[in-house]
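Dear colleague,

Please find below the structure that I am handing over to you. My findings follow it.

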Amino acid sequence: MNANYKELQDFDRKYIWHPACQMKDYEDFPAIPVVKGEGPYLYTADGKEILDIVSSWWCNLLGHCNEEISDAIAKQAKTLEHVIFANFTHPWAIDLVKELLTIVPKGLTHFNFADNGSSSVEMALKIAFQYQHQIGQKQRLKFACLSDGYHGETIGALSVGSMDLYNLMYKPMMMDNIHIEAPDLFERADVSIEESIEKARAVFKEHGDELCALIVEPLLQGAAGMRIYPKEYLKALFDLCKEYKVLLIADEIATGFGRTGKWFACDHAKITPDIMCLSKAITGGYMPMSVVCTTDEVYKAFLGDYKDGVAFMHSHTYAGNPLACSAALAVIRVLKRDNIIEKAGEMGKWLSEKFESTFKPLDNVGQVRHLGLINVLELVKDKKSNKRFSSDLRLGYRIYKRALSYGLLLRPIGDTLYFNPPLNIKKEDLEKALEIAYRAITEELALIK
Ligand SMILES: Cc1ncc(COP(=O)(O)O)c(C=O)c1O
């Protein structure tokens, strides 16, 4: 370890509070100083190479320090770095919206900018709430959401999330919402989609008139452990929303921009939500930016004379930031020009076969599933019953540390391990990830037996 590496670690441990971590863990496992990125690789201050197979929390879409995105931002930084977005606009936001109009589900025609995923969820909730109020549906005060859903960490976003890990402490601060039991095809492999749809229908029957919106992560519940539900369930939720005049908010923050094999997860179910949230991959993981897309119908409910007081009084300082817009423009240009989503689809087929044949035969690997390039495995104590290991063992965390020591950033969610790499990752890098993950998993499993 070189001196610089140690200095960085010591300073970090003393003063910096990292996201979603028990900081006591950092006493024997301090933060790893990273000084460079290239493609799917990160380089540490002591010269080690780490393969980032989780796209740095799923945002890095086209590799670290992608030349085209870096150049676009550098050029932008010398032209216009930022401008207030109230009463002002700029060509990069306009060009980005022109591009978004060509890729988002048809019918989404208005775009409101924010600066991270959670703040776009807050915005979506407020738009839905105010929309219902302004069309005379003042009794619609509640939101519906799915069990084990995750939409971010701010109070509104937490309120429509269902994960105790993040929510429990803050329940007294949160809104009271309606939680629909989503199909969990891992915990209850026998559950039928029809049964889940019936449960959703029952909720709509009872609460349909008091709901302003239903918010979902379409197809993939990421933070819950990359749970995947079928497009038929999404379509059924869409139909219920239409029937009960409830707005559908699609949180595509983790699924957008090709992660699921299509531009957006909603495309699999051929639906246009009323409101859609985009973030993470939109800038290739370069800049914090989010966009809330809505339909004409929603937008029009906010138009009126100033004195009517129907405007959407919501703002973020960095709304429409030109650097982020330029990054996003470069991302969309590369995705389109190089047919990245189609190519990732081909690679996804290869990877899912390899992933399954590598891990499925292991005694303690239960369900293996995939969507796009996302591949997931569940570590279980007993394969037949799907019984998990005791969480006190922190098996996922141990595998995480071991894999890191071998040069792979594989950040499990509990005992759920997954790959969610950049879409342009090469086969040889995926082979390397499979090899290291296999080694880390089998070695840790051997130790606990
Ligand atoms: C589906 C979903 N919604 C919202 C968020 C929150 O985004 P951010 O971390 O940018 O606030 C995330 C982050 O992982 C997410 O996966």
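The ligand is surrounded by 14 residues, a residue being counted when its C-beta atom, placed from the backbone, lies within 6 Å of the molecule. The closest are Asn116, Gly117, Ser118, Gly152 and Ala254. Helix α5 (residues 117–134) gives the largest share of this shell, 3 residues; helices are DSSP runs of H or I with at least four residues, strands runs of E with at least two, numbered from the N terminus. By class, the shell has 5 nonpolar, 7 polar and 2 charged residues. Here Ala, Val, Leu, Ile, Met, Phe, Trp, Tyr, Cys and Pro count as nonpolar, Asp, Glu, Lys and Arg as charged, and the others, Gly among them, as polar.

Please note that this is a predicted model, in which local features need pLDDT of at least 70, side-chain atom pairs count only at pLDDT 80 or more, and totals for chains, interfaces and linings use all residues. Residues are numbered from 1 along each chain as its sequence is written.

The domain assignment, which is automatic or from a database, gives domain 1 (32–65 + 339–448) and domain 2 (69–337). Their centres, taken over C-alpha atoms, are 27 Å apart. Each domain gives 25 residues to the contact, for which C-beta atoms, placed from the backbone, must lie within 7 Å. On the side of domain 1 that touches domain 2, α13 provides the largest share, 5 residues. That side has 14 nonpolar, 9 polar and 2 charged residues.

Yours sincerely

How values were computed
Two residues are in contact if their C-beta atoms, placed from the backbone, lie within 7 Å.
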